[in-house]
Amino acid sequence: MSRPATPNPEDPAGSFGERVELGPGDWLAVTRPTSALSIVTTVDADGRPNAAPFATVVRVSQEPLQLAFTCTEGSDTCANVQATGQFMLNLVSHGEDLLRRVVITAEPLPSGIDEAAHAGLTPLPAIRIRPPRLLECYAHLELETEWLKSWSGRCMVVGRVVAASARRDCLGPDNELVWKEARPVHYWGGTGGHSFTPLGTPMPVVAD
Ligand SMILES: Cc1cc2nc3c(=O)[nH]c(=O)nc-3n(C[C@H](O)[C@H](O)[C@H](O)COP(=O)(O)O)c2cc1C
């Protein structure tokens, strides 16, 4: 099912802004690769949005489709997920401008201040949940919390996908992800600066 094009001043034709809502049979396509850098958007109990990048996002179940990530206990992301039971995974493409903005969203701003707005990222309403999608990201997974577990100052969050959408130009004819348009990212860590690797073209291998 297609949603209407989203107006974007830098893209009057609308091809960048247009999001395709994926049916459940196509959700798996946007969890390939099985882990990729995301900006997690949440809202607090009063509905105020928050954004932060997370590298530790991984698909943990295919059926039902579930993803997990870990966060610091007491961080805004953790507190918001604990309070609302919802989070959005906004999948990031490799490219210097967007990755610079991703790093800005990691700045520890006071609770209630939206890091996405601070980084110049554009909110789009979600399909099913309260946290917003971010226009500059190539795909969006909307999740409701399945369970959380805190240990050693960390919290592991497992969520169940309840809706998904992607940029039209990142999807092929069967709604499969078009690798060279999406350009998913892995994060190398932050020692001495942040480094990112674009994920390469998938190579099919068949065992004899
Ligand atoms: C590229 C990138 C990836 C990150 N990945 C993680 C991660 O996987 N887990 C984590 O706890 N923090 C991660 N961080 C740090 C958090 O984004 C950061 O602590 C942030 O301030 C948390 O924000 P919040 O308080 O709004 O939740 C990452 C930072 C960057 C720049």
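**View 1. Contacts and overall dimensions of the protein chain.** Among contacts in the protein chain with a separation of 6 or more, 61% are between residues 24 or more positions apart; two residues are in contact if their C-beta atoms, placed from the backbone, lie within 7 Å. The model is predicted: local features need pLDDT of at least 70 and side-chain atom pairs count only at pLDDT 80 or more, whereas totals for chains, interfaces and linings use all residues. Residue numbers start from 1 along each chain as its sequence is written. The protein chain has four helices and twelve strands; these are DSSP runs numbered from the N terminus, helices being H or I of at least four residues and strands E of at least two. The radius of gyration of the protein chain is 16 Å, close to the 17 Å of the globule rule for 208 residues, so the chain is as compact as a globular protein of that length. This radius is taken over C-alpha atoms, and the rule is 2.2 Å times the number of residues to the power 0.38.

**View 2. Strand E2 and its two partners.** Six of the six residues of E2 are buried, so the strand is largely enclosed by the rest of the structure. A residue is buried if 20 or more other C-beta atoms, placed from the backbone, lie within 10 Å of its own. E2 runs antiparallel to E3, with six bridges between them; strands pair if DSSP finds at least two bridges. Ser38 is opposite Phe54 of E3. Five residues separate E2 and E3 in a hairpin, and Gly47 in its turn has a positive phi of about 85 degrees. E6 also pairs with E2, in the antiparallel sense over four bridges, and Val40 has Leu89 of E6 as its bridge partner.

**View 3. Helix H1 and its cover.** H1 spans residues 76-84, with Asp76, Thr77, Cys78, Asn80 and Val81 buried. The cover over these buried residues includes E2, E3, E5, E6, E9 and E10.

**View 4. The shell around the ligand.** Of the 18 residues around the ligand, those that come nearest are Ala52, Thr56, Ser75, Asp76 and Thr77; a residue is near if its C-beta atom, placed from the backbone, lies within 6 Å. E3 gives the largest share of the shell, four residues, and E3, E5, H1 and H2 each supply at least two.

Key:
Buried ≥ 20, exposed ≤ 12 C-beta atoms within 10 Å, placed from the backbone.
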